[in-house]
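Visitor: I'd like a close look at one part of this model. Pick a spot and take me through it and on to what lies around it.

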Amino acid sequence: MISVEEALARLLAPLAALPVEQVSVSDAVGRVLAEDVAARRTQPPFAVSAMDGYAVRAADVEHVPVNLRIIAEIPAGAGFSGVLDKGEAARIFTGAPLPEGADTIVIQEDTERDGDTVRVVEGATLGTYVRRAGLDFAEGDVLLHQGTRLSPRHIGLAAAMNRPWLFVHRRPVVGILSTGDEVVMPGEPIGPHQIVSSNALALAAFVTACGGVPVSLGNAPDDADALRTFAAGARGVDLLVSTGGVSVGEHDLVRGVLSEDGLAIDFWEIAMRPGKPLMSGSYRGTPMLGLPGNPVSTLVCSLLFLKPAMERLAGLPDKAEPQQMARLGRDLRQNDRRQDYLRSTLTRGPDGVLGATPFPVQDSSMMRPLASSDCLVIRPPHAPAAPVGTMVPIVTFPGGAWPL
Ligand code: AMP
Ligand code: MG
């Protein structure tokens, strides 16, 4: 058995960012930029008014009230070719270009209009409510960087930079192969000794949530020929993920059968719970992750291994996240040699500190507690007994592929 850390390092070592492709900005959310991006236009391109009101010369409104002559009306999208002189004002609207000669905006609320005259009743200092040209950014400024996962905010910025398309890394295509004579897809005819398969659909959802493209390779029965036939579907995927059949029983065929069919195993068995029989290797040149069959093991291992693997393929740079901690809400016994990931609920205490309470039963077949948990409490190998109140490390479930 190897440690979780070593397993992750070995899994990631051979993986590299997928090739680059060009996509419309409208299709780029969640994708990872493959290049630095420079603005193709200055924003704002000219000085504009930030309010509805009057463009004036600051010197003219130093002493108020004062009457100014209105010489133009400038809505957004229009311009004014004249020059504002002493004693003059231009009616102006939010986003409209400032006329030459004007340097300040007096808001509508601080004026009284009388035909072609505006009476300014509240003064404004030089530059008030003027957005200068280039306030946000200038043409040529590099504002988006290679390795950034594009959120809706980045999409807005890219669009403002006048970029209708971007170069991003291809999304990882993940082949999902479930195994087992006993499992049947939800809704399908089911025998008296069979169970409903949750892994295949949960994994497909997980891959999608991580920004990848799941491809279902079907459910292979526990039969050598069938397993080889189903595994042949892995041709062309970026990563092959199997579930079940990777443990030590006579019906666990994945390692044995596929090893004679082009699978090179790098490691098998990790000192963790749930998920001990996880396998990693390459099947006919395609990276392969053999996840255990128990549904909780499948998803916990996906969070710990599949997600980072997909991030590497998607072009995200490695970054060390700060370790989150929470206060334990239940006494825990001393741990054995496997690193434990306990399904737990999370609440915030009156002092603002997060509290994590593990479910009393931690069986790796139980989906209900996994689905109702907010985090996993990490118990390192041989961790001493921990009473209520001990601060413990946790992993939370990510919010989705492209949080704002
Ligand atoms: P295995 O590793 O194949 O021995 O599977 C371990 C446990 O996980 C067994 O109880 C299986 O019935 C169960 N299991 C395997 N595949 C699935 C699946 N796709 N959905 C739900 N449970 C599964
Ligand atoms: Mg099985």
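Guide: A polar contact here is a pair of N or O atoms within 3.5 Å; within protein, one must be able to donate a hydrogen and the other to accept it, and residues adjacent in sequence count only if both atoms are side-chain atoms. This is a predicted model, where local features need pLDDT of at least 70 and side-chain atom pairs count only at pLDDT 80 or more, while totals for chains, interfaces and linings use all residues. Residues are numbered from 1 along each chain as its sequence is written, chains are lettered from A and ligands numbered from 1 in the order in which they are written, and side-chain values use heavy atoms, with hydrogens and water left out.

A polar atom of the Thr148 side chain lies 2.7 Å from the backbone oxygen of His145. Thr148 sits in the loop between strand 11 (142-144) and helix 2 (152-160). (Helices, H or I of at least four residues, and strands, E of at least two, are DSSP runs numbered from the N terminus.) Leaving aside its neighbours within four places in sequence, Thr148 is in contact (heavy atoms within 4.5 Å) with Arg31, Val32, Leu33 and His154.

Six strands make an open sheet, ordered 16-13-17-21-20-18, with mixed pairing. (Two strands pair if DSSP finds at least two bridges between them.) The edges belong to strand 16 (213-220) and strand 18 (263-268); each has a single partner strand, so one side of each has no neighbour in the sheet. From one strand to the next, the twist averages 20°. (Axes are lines fitted to C-alpha atoms, for helices over the stretch in contact, and angles run from 0 to 180 degrees between N-to-C directions.) Strand 17 (residues 239-243) and strand 21 (residues 286-291) run parallel and are joined by four bridges. To find your place there, look for Ser242, which stands opposite Gly290 in strand 21. Helix 1 (residues 4-12) packs on this sheet and touches strand 18, strand 20 (279-283) and strand 21; its direction makes about 155° with that of strand 18.

Helix 3 (residues 199-209) lies across strand 13 (173-179), strand 16, strand 17 and strand 21, and it runs at about 165° to strand 13. Which of its residues are buried? They are Asn199, Ala200, Ala202, Leu203, Phe206 and Val207. Those residues span an arc of only 165° around the axis, which puts them on the same side of helix 3. (The arc is that of the directions from the helix axis to the C-beta atoms; buried means under 20% relative accessible area, exposed over 50%, partly exposed in between, with a 1.4 Å probe and protein chains only.) Among the elements covering them are strand 13, strand 16, strand 17, strand 21 and helix 6 (295-314). After helix 3 comes Gly211, with a positive phi near 90°.

Next up is helix 4 (residues 224-231), whose buried residues include Ala226, Leu227 and Ala231. Looking down the axis of helix 4, you'd find its buried residues within an arc of 130°, so they line one face of the helix. The face turned away from that buried side carries the exposed residues Asp225 and Thr229. The cover over the buried residues of helix 4 includes strand 13, strand 16, helix 5 (254-259) and strand 20. The N-terminal end of helix 4 has its own cap: a side-chain oxygen of Asp223 lies 3.2 Å from the backbone nitrogen of Asp225.

Within it, strand 5 (residues 66-74) and strand 9 (residues 117-120) pair in the antiparallel sense over four bridges, where Val66 has Val120 of strand 9 as its bridge partner.
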